[in-house]
Amino acid sequence: MSDQLKSLRVLVVGCGNMGSSHATAYHNLEGFDICGIVSTGKSKEILNEKLGGGYPLFSDFDQALATTQPDAVCISTYPDTHEAFAVKSFEAGCHVFIEKPVADSVAGAERVVAAAVKAGKKLVVGYILRHHPSWEKFVELSHEVGKPLVMRMNLNQQSDTSMWTLHRNLMKSLSPIVDCGVHYIDVMCQMTRSKPVQVYAIGARLTDEIPADNYNYGQLQIRFDDGSVGWYEAGWGPMVSETAFFVKDVFGPKGSVSIVAKEAGGEGKSSSIEAHTKTESIRVHHSELDANEKFAKADTWINLEDEPDHQELCNREQRYFLKAIREDVDLTDHMQDAVNSLRIAFACDESVRTGQVVIL
């Protein structure tokens, strides 16, 4: 078998929601072989059992990397470990798939990209919405409503039990508007295809269970060079209202495009990972009026009930990772977009902490 077609030996690092889903993709897809699973706790045993057992298990990343000598490393740990694990993987000659954000600082993200370039290896960042046909359609339709655009998005999560534990752990290193916001900032940049020029953001610390310098509710506003504006809000915790946790909406001079998730946006769904990417329907509204100043066209509904579930989206991400490696896909723009969306998110974080508008 040629090197081009041989299966990639993948070291899976981190076994939470995303790590488990990516491991399931590697387990089931042709072209990948899992050579080891790494976590500090018991999640690796749980994942190994779920996959049928038999995979080598490690508690220490460095030991796992040296022992397995993989072709690729999948990093789905907490953000404060991303940079170190990614750089070490590149220095060991591995390709890297890494969950967003690339690192817990902009400088760290730039160092990860530099390490990928120096090693001549592929870096794919887990921007899952880029692989979702419904979100791709949402972005495509946004280009038909004129400029400037008004973009409105949120993802508030009323969390308890294990999800609240996850959120508390995430907030040891990042705020909700950085951790989740990079997805939606990335979407806004795709919609406007314009340079963001300034941000302003607000935040509130609603619990003593998180670090004193962090906040578990935030809302950011972005102004773009073409006059477009956008906002995104994210709140995590048992106190968060889920009355309006699912707003995904864009409008311009010619009308609006809205994701309408009647089921996924229902009561009790705000902390569901499955619901976060579910769209169900897109509503396209036309602003044109007739001679009587009534709407000239009825709204158009695009039915999206056959959309991929969360696991299939992870499968698609990993197929893209495999394609990038085998076909030597140029990932320059992909990597730069990941760094830029993180730079904007951290500028929003700075705005929350200072109370000032941040010029980009």
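A salt bridge here is a side-chain nitrogen of Lys or Arg within 4 Å of a carboxyl oxygen of Asp or Glu. Keep in mind that this is a predicted model, where local features need pLDDT of at least 70, side-chain atom pairs count only at pLDDT 80 or more, and totals for chains, interfaces and linings use all residues. Residues are numbered from 1 along each chain as its sequence is written, and side-chain values use heavy atoms, with hydrogens and water left out.

By that rule there are 17 salt bridges. Let's start with E312, which pairs with R316 at 3.1 Å between the closest N and O atoms. Both residues sit in helix α11, 4 residues apart, or about one turn of the helix (helices are DSSP runs of H or I, at least four residues, and strands are runs of E, at least two, numbered from the N terminus). R319 also bridges to E312, again with 3.1 Å between the closest N and O atoms. As for accessibility, buried means under 20% relative accessible area, exposed over 50%, and partly exposed in between, using a 1.4 Å probe and protein chains only. E312 is partly exposed at 21%, as are R316 at 30% and R319 at 40%.

D328 is exposed at 57%, while K122 is buried at 12%.

On a 1 Å grid over the protein atoms alone, a pocket is an open set of points where a 1.4 Å probe fits, with protein on both sides within 12 Å along at least five of seven lines; lining residues have an atom within 4 Å of a point. The largest pocket has a volume of about 1,100 Å³, counted as the space filled by probe spheres set on grid points joined across faces, edges and corners. It has 45 lining residues, and N17, M18, S76, L166 and L170 are the closest to its centre. Helix α7 gives the largest share of that lining, 7 residues. Domain 1 (8-125) and domain 2 (130-307 + 341-359) both contribute to the lining, so the largest pocket lies between them; these bounds come from an automatic or database domain assignment.
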